[in-house]
Amino acid sequence: MDKVEFYRHAVEEEDINAVADVLRGIFLTTGPRTAQFESALAKHLGVRFVVGVTSCTTALFLSLEALGIGEGDEVITTPMTFIASANVVMQTRANPVFVDVEQATGNIDVNQVEKAITARTKAVIPVHLYGLMVDMKRLRDVCRRHRLFLVEDAAHALEAKRDGVQPGQISSTACFSFYATKNLTCGEGGAIATNEKEINERLRWLRLHGMSKNAEERYTGKYQHWDMVGLGYKANMFDIQAALLLGQIPRLTKQLERRENIARRYEDAFTGMKNVSFPTVPANATSARHLFTIWVPPECRDEILWKLQSRSIGVAVNFRAIHLLTYYRQRFGFKRGDFPVAERIGDSTITLPLYPKMTDDEVGRVIAAVREVVD
Ligand SMILES: *Cc1c(COP(=O)(O)O)cnc(C)c1O
């Protein structure tokens with residue numbers, strides 16, 4: 001039987017043609033398509049500004065740079081995430097401080113954030129795990145009280161909403177990924193959303209060597225000299241990426257509906273199974289439904305994972321708790337027991353296929369395989 005792939009992208013012929021148009025033109029780097037993509041995404045998100053960059057990792061890093069975070073500072077985040085969320089903190093020479101997660105969702109436990117705050121704390125990076133937003137209104141209140149910046153890792157949460165709030169609306173910045181398996185993809189890419197004019201301006205020069213003019217501005221019309229206004233990086237999104245992304249934006253809502261539908265089928269099928277549970281989505285939230293994970297008994301997780309694979313079901317693990325990875329253990333002395341809820345989730349999780357191109361038959365085969373393997 002054919003494999004049920006873990007992920008298949010939803011790039012259409014019209015997207016490929018849009019890329020071909022760019023390739024047939026003269027302008028391959030950051031230009032008109034990038035600008036169009038930035039305004040289309042800003043509109044979709046209901047924010048004032050979007051800055052296109054090369055990845056979510058650079059989006060997070062440049063956000064911290066724009067906020068002046070560096071040596072000796074502390075940034076609070078979650079150990080239940082992809083390593084990028086915490087690695088970027090160390091890349092600015094600040095230190096990550098982990099706070100354990102909620103059992104029901106795997107998201108950072110907002111109730112525990114306050115007790116991790118010290119005189120050195122400068123920011124919090126909440127991660128909207130699997131597509132469910134952290135309780136941003138409550139976290140924003142905590143951050144206001146302690147004068148902390150809020151940088152959202154919204155790599156999973158492009159289409160998410162909670163209490164009427166979307167990523168980027170009530171934080172300093174929200175960071176998105178267009179990596180190969182994300183809901184909106186161009187292989188590699190990222191973007192930063194913000195409502196703050198000053199942050200937008202800083203990000204625009206930070207993403208391109210501190211240059212005061214981008215290539216389009218330099219070469220369109222009469223030659224203009226450029227200046228360097230600060231020490232920046234090389235992280236600008238370019239028109240080939242933007243062309244691939246732009247046409248996918250209008251399809252996001254329909255694709256979310258399809259993933260919601262598949263996720264509900266999974267939830268119905270697994271409800272009541274003794275050895276399977278899954279994260280809950282609170283009633284006041286619209287999950288972006290980026291990943292569907294099940295939690296199985298930790299002592300048989302790997303066996304179940306391999307058995308699903310041997311039945312031609314594409315699976316992954318998102319994520320093992322990152323404080324237990326070798327580098328983090330060695331550098332910070334973390335050990336098992338430090339963040340027990342994140343550890344439990346990390347040891348019991350299996351991610352199942354979830355994408356709009358999945359057929360009803362494929363969803364049925366995944367469900368049947370899980371039932372068979374787990375019992
Ligand atoms: C994918 C992902 C990232 C990194 O995105 P890149 O675009 O690959 O840099 C960051 N955080 C989370 C939670 C992710 O899933």
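A: The account below turns to the aromatic pairs and then to the chain around them.

This is a predicted model, in which local features need pLDDT of at least 70 and side-chain atom pairs count only at pLDDT 80 or more, while totals for chains, interfaces and linings use all residues. Residues are numbered from 1 along each chain as its sequence is written, and side-chain values use heavy atoms, with hydrogens and water left out.

A pair of aromatic rings is described by the distance of the centres and the angle of the planes. Rings of Phe, Tyr and Trp (its six-membered ring) pair if their centres lie within 6.5 Å; planes under 30 degrees apart count as stacked, over 60 as edge-to-face and the rest as tilted. The structure holds 15 such pairs.

One of them joins F61 and Y233 in an edge-to-face arrangement, with 5.0 Å from centre to centre and 85° between the planes. F61 belongs to helix α3 (residues 56-66), whereas Y233 sits in the loop between α8 (215-219) and α9 (239-246), so the pair ties together parts that are 172 residues apart in sequence. Helices here are DSSP runs of H or I with at least four residues, and strands are runs of E with at least two, numbered from the N terminus. Burial is judged by relative accessible area: buried means under 20%, exposed over 50%, and partly exposed in between (1.4 Å probe, protein chains only). F61 is buried at 12%, while Y233 is partly exposed at 30%.

Y266 and F270 form a stacked pair, with 5.8 Å between centres and 10° between planes. Both residues lie in helix α10 (residues 252-270), where they are four residues apart and thus separated by about one helical turn. Y266 is buried, with a relative accessible area of 0%, and F270 is buried, likewise at 0%.

Beyond these pairs, F98, Y327, Y328, F332, F334 and F339 form one aromatic cluster.

The setting is a chain with 14 helices and eleven strands. Of its 375 residues, 57% are buried. Contact means heavy atoms within 4.5 Å; among contacts in the chain with a separation of 6 or more, 73% are between residues 24 or more positions apart. Along the principal axes, the C-alpha atoms fill a box of roughly 70 × 55 × 40 Å.
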